[in-house]
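Subject: A structure for you to look through

Dear colleague,

Here is the structure I promised to hand over, with its sequence. Please open it beside this message and keep both in view as you read.

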Amino acid sequence: MEILDSRLKLFLWLTGLSSLILVTGLCFCQILQGDKYVSLAHSNRLRMIRFPAPRGEIFDRNGVPLAVNDNTFSIMGYPLDLNTPEKLEHLSKILMRHGIPFTSSDIARTVKQQRLAPYRVMRIVPNLTMTQMAELVADYDFPRELFPLSVWRRTYPAGPTAANIIGYVGEISETELKARSDEGYTGGDLIGKSGIERSYEAVLRGSPGQEALEVDARGRKVRTLDANQAVKGEDLHLTLDMGAQKLAVELLKNWKGALLAMDVHTGAVLALASSPVYDNNPLAWGVSGREWNSIMNDPDRPMLDRAIAGVYPPASTFKAFMSIASLEENTINQNTIFSCRGGLRFGSHLFKCWRHSGHGALNVIGGLQHSCDVFFYQAGLKTGIEKLIKWGRKFHLGEPTGIDLPGESGGNIAGPEWKMRRFNSVWAGGDTVNYSIGQGYMLMTPIQIARVYAAIANGGKMVTPHLCVKGYRTPENIGLNPAKLEIVRRGLEAVVTRGTGARAGRFGVQVAGKTGTAQNSHGDDHALFAGYAPADNPRYVAVAVIEGGKHGSSVAGPLVGQLLAHLLSH
Amino acid sequence: MGFWNSLREDLTLTDRVMLLCAVTLSVWGVFCIYSAAAGGAGKGFDYAFRQAVWLLVSIIVMITIMRIGHNALLEGAYPLYGLMLLFLALTLLTPKVKGAQSWFGVGGFRFQPSEFAKISIILMMSKFMSRYPPLDLKTFMMCLGVILLPVVLVLIQPDAGSALVYLVISFGMLIAAGTPLKYLAGLVGLGVGAVPLMFFFFLKDYQKNRILVFIDPMRDPLGAGYNVIQSRIAVGSGGWTGKGFMMGTQSKLKFLPEPHTDFIFSVFSEEFGFIGNIILLVLFTLLIVRVILSGIRSKDRRSKILSAGVASWLWFQMFESVGMSIGITPVTGLPLPFLSYGGSSLLATFIALGLVASICIEGANSRHDF
């Protein structure tokens, strides 16, 4: 017990001692240095100013600028200095005097939106030109507590031509601010909202500069306590070729749909057009609610990037995949002959060939060349849906390709399990028949189709489509038998040299590919063409999907042919 | 009538100076909270009113605990310890508030189990270390095990502040329980050794920043150093007599973060100055000394260790909170006992005082028996 008491007595001494330490500390702080702190508190306006960093600029593969920064000015201020209606009214009066239409309620709303802390500076009026700002600052009544800040405005020289790829920036929203609370964003910051601007936000944004100012009671700067410079974001050089992109947009002008071209070996995307187009410039500068609604509610959905998010039945372009799957599973070989009499009776239903008079006896090359439905109905039934799905998974159908753009769709690989889950009904033999010609439940995006054709062209490697070198991934070899692949490639060459896709081959380059006509229950059929060139040593793959284009052979084929010809001749 | 008479008798026997200090500090705290929160969206009255209600509840609970007696609560120390561990574990399942899961809600009523855990730890260790004094390595290790379970649970929340308080309370109780100096030295050595390890592997960036800023606030005046600088300006500008109640500019203009909780002392110092601070520190010191004296006067091992636990708790949070606002200790976000806004913290502190008050009564009774 004695030891306990002696220890407790030690506690008494320690308590006394620590209180003395605190008294000494307080004495030092409040008495000895008191005057210094009194004056600091008196004029205490430690203020923080944030300089947004210029964003990294974006260029195409030849250095053509696609996203650049313009210098503009904003009026900045502190919530503390705008906390009464009189102050707001005063500011509004001065702004109006210089032709800047900002009512006091507009300002009040801005203040309320950005108010995070009283010592955090906020943007009161954005987007002023140098002249406007100079006039304002020269005005004797302009509140000295407010100050100009030069800001960078994003502009997109290519505008609508590459809007679906580049995307646009906008002020960070409250939800984004919450989700990215640990990444150093504050209200009023610009952030990539779509496209490359969004997917490479972390690279492009740079780091903002900050300055800690000591200011007097009237808000004038006394001295800088601490500052760090803004660091510009990293510039991006895309794989995009603006020449090809312009051509692709031009070719699509009168249609709704997508047209894209990609390097078959690397997955580098050279053109990625989606029609109709929209202009990303006004979106980056802040559009009114009405303009925004008119874009969002447009029935043609210009903001939908059809090349990566539009899903379509692959239709007959799927027959190349069907040939590979059936050959690899040995359910057919080069000598397997099926006979087409214009249709195939399966169960009680007659599945017609597109050519009602029939194609006669064909092997797989002939089947591809004439796009014979009956040939692939039979190949599909022999191979069976399970094996088709197995090969579909090898080709990553039903999954996003991983392109470095946001909002990509994965399409739908469908199949018995999916049908049971979705419709609670059993996959019938007739479903396999439809599946075999790329109709029915199977849906693909144009970029997915391009990826499958790139694998055919490059000897069985699945590339990852990308627009920036940072998005490059080593292609995945899915192990196709070269001899069997060669048969399919001969079929695809025959399509263009003497078959349904002849019109794709009239532009001076040797194209191999496949036409497709997708049934559309809402209107005219969609026209498709997927092909690569040169046929004997492929470099580029291109895919066209034209909504309501009726026939793949007449509409989509020439588009792919022209785009490939342009790429190979430049 | 019997109830009031026995209550009066208890209040004559217990340490009235101690209780008076606590109530004075708390009432002063209510006023400070009113002033501190007035700078916000005019919520001063709301906060002060709620704190006043909590204070009333706390005093009633304290008296109840005093009358139940510390002996009865020590009887239930083991099951209470188990219950506390269960609550701390359940807290991990609740949604996060400000990045940590330290709140536990029952209906519309939310509380922080980590505050009440302090009482349970004190009861548990008083009983355990009286039964198994930590005089040899085996019992010492067992004591460490009892301490580490709740510490680990609050660290997962993550609530490093509470974990630190638990460790300090436990260390104080180990000292009081007569643990041999070599073990205590070993523990201190281990703690010092763990600091760099903690710094590089366990602390989150904001916590590292707080420590670096403690060393040099000007290294980051825009971020983590902001609180320290502003708090020091608030305290320093108080001068001898302070700016007067409700006249503090630092807290009113919202230069101070969390003025009614973590930085309540800065608000107090700015408005009441050096003289006010001396009075405040005298009240705190007197209170803690009285708690320790209750242990010295008691004849019961358990009571001695218990009082050491309560004293360590109050001392540490007081020292840390005052030290933080003048920049001699790092920012931890621990409340200043009695003054900071927060019902759980206030109630837990008063429960602990109820236990000490009961020890005083027993001590006085035993002296009468001679």
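Predicted model: local features only at pLDDT ≥ 70, side-chain atom pairs only at ≥ 80, totals over all residues.

Chain A has 22 helices and 21 strands, and of its 570 residues 47% count as buried. If you take the contacts in chain A between residues at least 6 apart in sequence, 71% of them join residues at least 24 apart.

A pair of helices in chain A comes next. Two packed helices are described by the angle between their axes and the distance between the axes. For helix α14 (residues 319-328) of chain A and helix α21 (residues 482-498) of chain A, the axes come within 9 Å and cross at roughly 150°. Since angles over 145 degrees count as roughly antiparallel, α14(A) is therefore roughly antiparallel to α21(A), and the crossing of these two helices is right-handed. On the side of α14(A), the residues that meet α21(A) are Ala320(A), Ser323(A), Ile324(A), Leu327(A) and Glu328(A), while those they meet in α21(A) include Leu485(A), Ile487(A) and Val488(A). By class, the residues of this contact divide into seven nonpolar, two polar and two charged.

Gly531(A) is found in strand β20 (residues 526-533) of chain A, and it has 33 C-beta neighbours inside 10 Å, so it counts as buried, the cut-off being 20 or more. Leaving aside its neighbours within four places in sequence, Gly531(A) is in contact with several residues, among them Val496(A), Ala504(A), Val511(A) and Leu564(A). Val496(A) lies 35 residues from Gly531(A) in sequence, and the C-alpha atoms of the two are 9.3 Å apart in space.

Is Ser348(A), by contrast, buried or exposed? Ser348(A) has 6 C-beta neighbours inside 10 Å and therefore counts as exposed, because the limit for that class is 12 or fewer. Its place is in the loop between β14 (343-346) and β15 (349-352) of chain A, and its C-alpha atom is separated by 9.9 Å from that of Gly430(A), which is 82 residues away along the chain.

In chain B, helix α1 (residues 2-13) has twelve residues and reaches 16 Å from its first C-alpha to its last, close to the 16 Å expected at 1.5 Å a residue. The number of buried residues among the twelve of α1(B) is zero, so this helix lies largely in the open.

Chain B also has a pair of helices to compare with the one above. The axes of α13(B) and α14(B) come within 9 Å and cross at roughly 165°, which means that α13(B) is roughly antiparallel to α14(B), and here the crossing is left-handed. Among the residues that make the contact are Phe284(B), Leu287(B) and Ile288(B) of α13(B), together with Leu314(B), Trp315(B) and Met318(B) of α14(B). By class, this contact has 13 nonpolar, eight polar and one charged residues.

Lastly, the contact between the two chains takes 39 residues from chain B and 36 residues from chain A. On the side of chain B that touches chain A, α13(B) gives the largest share, eleven residues, and the residues of that side divide into 23 nonpolar, twelve polar and four charged.

With best wishes

Technical notes: Residues numbered from 1 in each chain as written. Chains lettered and ligands numbered in written order. Contact = placed C-beta atoms within 7 Å. Helix = DSSP H or I, 4+ residues; strand = E, 2+ residues; numbered from the N terminus. Nonpolar A, V, L, I, M, F, W, Y, C, P; charged D, E, K, R; others polar. Axes fitted to C-alpha atoms, helices over the stretch in contact; angles between N-to-C directions. Parallel < 35°, antiparallel > 145°, perpendicular 65-115°, else oblique. Left-handed = near helix turned anticlockwise from the far one by under 90°. Expected span 1.5 Å × (residues − 1).
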